[in-house]
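Subject: Structure for you to look at

Hello,

Here is the structure I said I would pass on. My notes follow below it.

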Amino acid sequence: MLAQRHQAQANVVFRGARVLDPAEGIDARLDVRIDNGVIAALGERLDTNEHRVVDADALLLAPAFVDPHVHLRTPGREDEETIASGTAAAAAGGYCAILAMPNTDPVVDSAATLGSLVERAQQDAEVGVAFLAAITRGQAGEELTEMGELAEAGAIAFSDDGVPVASAGLMHRALQYASTTGRPLALHCEEPSLSRGGQVHAGAVAAELGFAAYPSIGESVMVERDLALAAYEEQPLHLLHLSAAESVAALRRARERGVRASAEVTPHHLVLTDEAVRNLDPNVKMNPPLRADSDRLALVDALRDGTIEAIATDHAPHARHEKDVPFEAAPFGVTGLETAFPVLYSQLVEPGVLPLATLLERMSAGPARIFGLERPRIAAGAKANLVLIDPKGVTHVTESGFRSRSANSWLLGRTLSSRIAMTVANGAVVHE
Amino acid sequence: MRNIRLVGDELRPPARPARRHLLSIADLTRDDVERLLGTARTFASSLEREVKKLPTLKGRLVVNLFYESSTRTSSSFELAAKRLSADTLTVKSIGSSVDKGESLKDTARTLAAYDPDVIVIRHPQIGAPHLVARETNAHVVNAGDGKHQHPTQALLDLYTLQDVLGALDGLHVAIVGDVLHSRVARSLVQAFALVGIHCTLVGPPALLPRDLDVEQSSDIDATRDADVVYVLRMQHERMQAGENYVPSLREYTARWGITPQRVRPGQKVMHPGPMNRGVEIDPRVADSPDSLIERQVRSGLVVRMAALYDVLTGGPVGVRALAAAEVA
């Protein structure tokens with residue numbers, strides 16, 4: 001299901017890296033040799049076979065990341081991102097695979113549109129891309145898309161991300177019908193009559209600053225509805241970008257009852273709260289909004305204990321002139337592919353809040369499992385999908401430093417701990 | 001779990017030194033407020049002279065940039081600048097390049113090319129004055145940004161209260177009506193807290209900001225013990241069918257309208273204008289001797305003179321918000 005351009009396969013030996021693959025149960029100082037894009041051997045003092053040798057002493061070698069939630073803005077807004085630039089950004093961030101959302105212009109709701117994207121990705125994509133297709137035609141929330149044909153054309157899942165499926169009856173039908181395709185639904189949970197166009201979490205900050213408020217229940221009521229429907233139909237579903245403690249609690253209860261529900265969380269919801277909005281920076285405007293610290297802590301807890309299985313950037317590029325306006329006039333969304341690991345390493349791993357192995361698992365094996373992708377792994381015989389990380393390095397986040405076409409990052413001007421030193425995706429070195 | 005750090009100060013680039021602005025009451029200290037009110041009193045006595053014009057801001061340029069309709073705010077800022085001998089330039093969104101889709105940033109930069117000393121801005125969106133402060137070298141005065149802030153209104157209300165009632169500390173003011181959508185109320189709540197005024201918000205539940213840390217009640221009797229009833233304008237657009245903040249304007253008036261029966265003798269009444277007579281306020285109350293509404297308008301002139309004077313010469317106003325905006 002992953003489309004990627006053909007690239008020269010790597011022949012390389014990583015010398016003396018800390019090899020950490022939580023799913024394989026490896027955490028050791030080893031050499032890793034890649035022969036023609038495939039991991040040939042792990043061990044001590046491996047022969048180089050005349051390959052290029054990368055001195056990885058003091059560096060960390062892990063399975064490359066998988067991002068289940070990216071907006072590539074193609075077709076329609078190629079000024080903001082293209083398949084080439086978005087996947088280059090992914091490579092720079094340590095990703096070997098990303099999933100692209102269908103809320104483009106036109107919406108990815110037909111096999112023809114999807115097919116042209118897959119072809120384009122086969123020409124342009126630096127790392128593997130899989131495309132989601134819409135649940136409803138035009139994401140209008142009225143008629144189902146032809147999910148069978150879309151699945152055959154390569155849709156990895158279905159989502160109306162950006163807007164909720166407001167009608168409970170339609171969501172029920174979508175769950176029923178998607179089951180025939182074997183592809184999950186990925187749901188943007190927002191009850192529009194409660195979020196009411198709100199831009200900031202309903203809390204002290206919105207009350208003080210006067211922003212139209214989007215309360216936590218605007219998300220959690222929809223999460224509860226969709227989990228109830230999934231339980232009734234005994235179908236799996238994936239919850240996109242959770243933000244509220246109430247949603248986490250609902251997910252936890254549903255999973256305990258045996259509902260096959262998975263969820264993702266973004267770096268910004270794990271690190272920031274609505275207090276960040278006080279500086280009125282349009283680069284902290286996102287949907288769902290940043291919420292209270294109690295919400296953030298609930299998300300971190302759920303990520304740690306596995307209730308939330310995946311970290312998703314919700315990478316949402318926007319043109320500079322569209323964000324260079326007062327907060328209320330700015331579009332929702334921030335970029336994230338190139339900063340996800342360094343910011344989470346800085347803010348969660350270094351302070352001892354989240355084990356490094358857990359972070360790596362939730363950025364790679366977790367999302368791969370949810371969407372049925374082969375897990376990037378460090379084992380002899382596996383295709384090389386690797387990220388080499390310098391934990392002692394730093395990442396300076398600057399407007400000119402992005403490989404993405406857009407620079408609407410909430411981390412502009414910051415310096416983060418750790419640096420992505422090299423990425424190998426599908427056997428090829430795609431970033432160093 | 002306690003040791004999770006937010007993106008901390010150590011990660012932020014150093015803030016540039018900030019110019020003085022008046023963007024939000026939240027940026028002011030009690031000393032700032034007292035200095036501003038003192039300056040306004042000085043100007044008030046100067047206005048009692050035969051020649052009312054002062055040379056204080058001669059040669060300075062004050063640009064008034066208004067993206068929303070306004071009578072008292074725009075006229076009082078313009079007159080305030082003129083009374084201080086500043087040159088003034090008024091730009092309204094209607095009939096300007098804004099009509100042609102020019103962005104706020106471009107309009108601000110265009111006006112900045114004339115090197116204005118002060119830009120006074122009213123805009124329907126929260127944070128518009130902050131953007132102008134970032135994009136120009138002018139001192140910026142917020143004349144109302146969306147539902148966020150209207151700092152000179154709060155200052156002129158404090159001035160009026162002090163003028164009429166003397167000491168502010170210990171007064172009790174009940175703010176009645178659509179608090180949720182009111183920038184005046186947001187500025188007042190912060191200004192009252194600074195000077196020690198006890199504040200109660202009164203209105204229908206859906207029009208009260210439940211997350212604001214201020215005493216709140218939906219019972220109109222909560223105004224009874226207040227020294228002052230501050231009535232907010234009921235915005236008709238909030239009352240359209242289907243919004244359901246309240247069932248109807250008629251029912252709002254019946255339950256929360258300020259009528260003579262709901263005002264004690266001697267209890268003062270204020271309103272930031274424009275009034276909907278017969279909706280949120282009974283005309284008999286608006287025109288009674290206890291109404292301070294006209295005095296508020298008169299205070300507007302001297303307080304805005306003080307605001308212009310203060311950003312150009314006075315203490316550290318607005319440093320906090322701009323520093324925060326600049327690291328963003």
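Two residues are in contact if their C-beta atoms, placed from the backbone, lie within 7 Å. I use the word in that sense throughout. Please keep in mind that this is a predicted model.

I start with one glycine in chain B. B:Gly177 sits in the loop that links strand 5 (172-176) to helix 6 (183-195) of chain B. Is B:Gly177 buried or exposed? A residue is buried if 20 or more other C-beta atoms lie within 10 Å of its own. B:Gly177 has 28 other C-beta atoms within 10 Å, and therefore counts as buried. Setting aside neighbours within four places in sequence, the residues in contact with B:Gly177 are B:Gly203, B:Val231, B:Leu232, B:Met234, B:Trp256 and B:Glu280. For B:Gly177 and B:Leu301, the separation is 124 residues in sequence and 26 Å in space, from C-alpha to C-alpha.

Next, the division of chain B. The assignment gives domain 1 (9-149 + 300-327) and domain 2 (151-297). Between the centres of domain 1 and domain 2 of chain B, taken over C-alpha atoms, there are 26 Å. Where they meet, 22 residues of domain 1 of chain B are in contact with 20 residues of domain 2 of chain B. Which elements supply the side of domain 1 of chain B that touches domain 2 of chain B? At least two residues each come from helix 1 (30-46), strand 4 (139-145) and helix 9 (293-313) of chain B. Helix 1 of chain B gives the largest share of that side, 5 residues. Sorted by class, the side of domain 1 of chain B that touches domain 2 of chain B holds 11 nonpolar, 7 polar and 4 charged residues.

Chain B also has sheets to report. One is an open sheet of 5 strands in the order 7-6-5-8-9, with parallel pairing. Its edge strands are strand 7 (215-217) and strand 9 (268-270) of chain B, each of which pairs on one side only. From one strand to the next, the twist averages 25 degrees. Within this sheet, strand 6 (residues 198-202) of chain B pairs with strand 7 of chain B in the parallel sense, over 3 bridges. Opposite B:Val202 stands B:Ser217, in strand 7 of chain B.

Another open sheet in chain B has 4 strands, ordered 2-1-3-4, again with parallel pairing. Here strand 2 (87-92) and strand 4 of chain B are the edge strands, and each pairs on one side only. Direction ignored, neighbouring strands of this sheet are turned by 15 degrees against each other on average. Strand 1 (residues 61-66) and strand 2 of chain B pair in the parallel sense over 6 bridges. B:Asn64 has B:Thr90 of strand 2 of chain B opposite it.

Now chain A, which contains 14 helices and 17 strands. How does its radius of gyration compare with that of a compact globule? For 432 residues a compact globule would have a value near 22 Å; chain A has 21 Å, which agrees. The C-alpha trace of chain A spans about 65 × 45 × 45 Å along its principal axes. Of the 432 residues in chain A, 63% are buried. Among contacts in chain A with a separation of 6 or more, 76% are between residues 24 or more positions apart.

Some backbone details in chain A are worth a look. A:Thr74 and A:Pro75 are joined by a cis peptide bond with omega of about 5 degrees. A:Pro75 belongs to the loop between strand 6 (65-70) and helix 1 (83-92) of chain A. A:Arg73 is also found in the loop between strand 6 and helix 1 of chain A. Although not a glycine, A:Arg73 has a positive phi of about 60 degrees. A:Arg73 is buried, with 28 other C-beta atoms within 10 Å.

The peptide bond from A:Asp105 to A:Pro106 is cis as well, with omega near 5 degrees. A:Pro106 is placed in the loop between strand 7 (95-100) and helix 2 (111-124) of chain A.

A:Ser418 lies in strand 16 (residues 415-425) of chain A. Its phi is near 80 degrees, a positive value in a residue other than glycine. A:Ser418 counts as buried because it has 21 C-beta neighbours inside 10 Å.

Regards

Note on methods: Residues are numbered from 1 along each chain as its sequence is written. Chains are lettered from A and ligands numbered from 1 in the order in which they are written. This is a predicted model: local features need pLDDT of at least 70, side-chain atom pairs count only at pLDDT 80 or more; totals for chains, interfaces and linings use all residues. The radius of gyration is taken over C-alpha atoms; the globule rule is 2.2 Å times the number of residues to the power 0.38. A residue is buried if 20 or more other C-beta atoms lie within 10 Å of its own, exposed if 12 or fewer, and partly exposed in between; C-beta atoms are placed from the backbone. Two strands pair if DSSP finds at least two bridges between them. Axes are lines fitted to C-alpha atoms, for helices over the stretch in contact, and angles run from 0 to 180 degrees between N-to-C directions. Domain bounds come from an automatic or database domain assignment. Ala, Val, Leu, Ile, Met, Phe, Trp, Tyr, Cys and Pro count as nonpolar, Asp, Glu, Lys and Arg as charged, and the others, Gly among them, as polar.
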